[in-house]
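Colleague: Before we look at anything else, I would like one part of this model described closely, with the cut-offs behind each term. Please go slowly and keep the pieces connected.

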Amino acid sequence: MEAEQFDFSVVFPNIAAQLRSVLGNLHLAAAQLAPAIRREGDPALDSTASLLDQSYYRLLRLVNNLSAAPLISQTEPLETKNVELVAWLTELIHCAQPLVAHAGVKLTLRCSLTAHVAAIHPSYLERLLWNLLSNAVKYTPSGGEVTVTLRAAAGQVLLTVADSGVGIPPEQQAHLFDGYLEKLRMPPPPQGLGLGLPLCQAIARGHGGRLLLQSGPEGTTVTVSLPDRRCTKTVLREPPFAYGGGFH
């Protein structure tokens with residue numbers, strides 16, 4: 001029987017719009033029931049509230065991916081602007097450190113560059129990095145390590161996220177980037193809808209680059225290869241974007 005297909009570019013954003021307002025109400029209610037000042041003096045309450053926070057951010061990350069689903073089929077290049085990548089990446093890793101540590105995983109940044117400017121879409125590339133970090137932490141057991149590397153070589157900027165997790169079974173690797181399209185191939189719970197890696201691939205493609213993945217029993221390594229070039233025009237505006245977190 002042929003797998004059933006659907007227009008995800010319409011369905012997913014509509015679902016996301018319905019969920020977003022509900023999530024906002026849930027987050028507001030949770031913050032009122034367990035304010036920060038009460039959590040500081042009540043370890044049991046803080047533990048329960050942390051579980052609510054984690055669940056909220058996981059759902060919000062899913063909603064954000066659903067909203068961005070049309071990007072997967074987009075063929076136009078993304079608007080870019082010149083960004084100093086070392087400072088940009090260092091700040092993102094700094095924000096991620098406590099969340100990764102909460103999962104019992106060590107996060108390391110390796111970069112021999114002191115500074116490097118290249119044309120990127122910072123919001124979408126940030127989404128790509130959070131998705132890769134989310135996957136890496138999700139499948140890395142406590143005590144493991146995730147390493148993010150930035151380097152430039154042969155006219156390319158290479159951003160790599162490597163983990164010491166369980167790896168991806170060979171039978172799943174063949175459909176990592178298209179399983180969401182067919183009902184019979186959609187990842188089973190709790191793996192999600194399978195949108196994260198296709199979105200990462202689309203973002204890399206929108207920069208004129210590509211995404212490479214290697215996985216085995218010792219872990220998974222994903223490398224994003226982007227053209228090492230600068231933008232020659234000024235971008236006056238950038239589409240609004242707010243990342244909801246949630247990879248912890």
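Modeller: Of the 17 residues of α5, 14 are buried, so this helix is largely enclosed by the rest of the structure; buried here means under 20% relative accessible area, exposed means over 50%, and partly exposed lies in between, with a 1.4 Å probe and protein chains only. The model is a predicted one, in which local features need pLDDT of at least 70 and side-chain atom pairs count only at pLDDT 80 or more, while totals for chains, interfaces and linings use all residues. Residues are numbered from 1 along each chain as its sequence is written, and side-chain values use heavy atoms, with hydrogens and water left out.

Helix α5 covers residues 122-138 and reaches 24 Å from its first C-alpha to its last, close to the 24 Å expected at 1.5 Å a residue; the expected span is 1.5 Å times one less than the number of residues. Helices (H or I, at least four residues) and strands (E, at least two) are DSSP runs, numbered from the N terminus. In these terms the chain has 7 helices and 7 strands, and from the N terminus on its elements run α-α-α-β-α-β-β-α-β-β-α-α-β-β.

What does α5 lie across? The helix lies across β2, β4, β5 and β7, and runs at about 25° to β5, where axes are lines fitted to C-alpha atoms, for helices over the stretch in contact, and angles run from 0 to 180 degrees between N-to-C directions.

These strands belong to an open sheet of 5 strands with mixed pairing, in the order β2-β4-β5-β7-β6. Its edge strands are β2 (106-111) and β6, each of which pairs on one side only; two strands are said to pair if DSSP finds at least two bridges between them. Neighbouring strands of the sheet are turned by 15° against each other on average, direction ignored. Helix α4 (residues 85-102) also packs on the sheet, touching β2, β4 (145-153) and β5 (156-163), and the direction of α4 makes about 170° with that of β2. Contact, here and below, means heavy atoms within 4.5 Å.

β2 and β4 pair in the parallel sense over 6 bridges, with R110 opposite T149 of β4.

T223, in strand β7, counts as buried at 17% relative accessibility. The side chain of T223 makes a polar contact with the side chain of T160 at 3.2 Å; a polar contact is a pair of N or O atoms within 3.5 Å, where within protein one must be able to donate a hydrogen and the other to accept it, and residues adjacent in sequence count only if both atoms are side-chain atoms. Leaving aside neighbours within four places in sequence, T223 is in contact with L158, L159, T160, R210, L211 and L212.

Where does H207 sit in relation to β6? H207 is in the loop between α7 (196-206) and β6 (210-216), and at 5% relative accessibility it counts as buried. Not counting residues up to four places away in sequence, H207 touches L78, T80, A119, I120, H121, L125, L226, P227 and R229. A polar atom of the H207 side chain lies 2.8 Å from the backbone oxygen of I203. H207 and E79 are 128 residues apart in sequence, yet 8.4 Å apart in space, C-alpha to C-alpha.

For the chain as a whole, 41% of the 248 residues count as buried, and among contacts between residues at least 6 apart in sequence, 75% join residues at least 24 apart.
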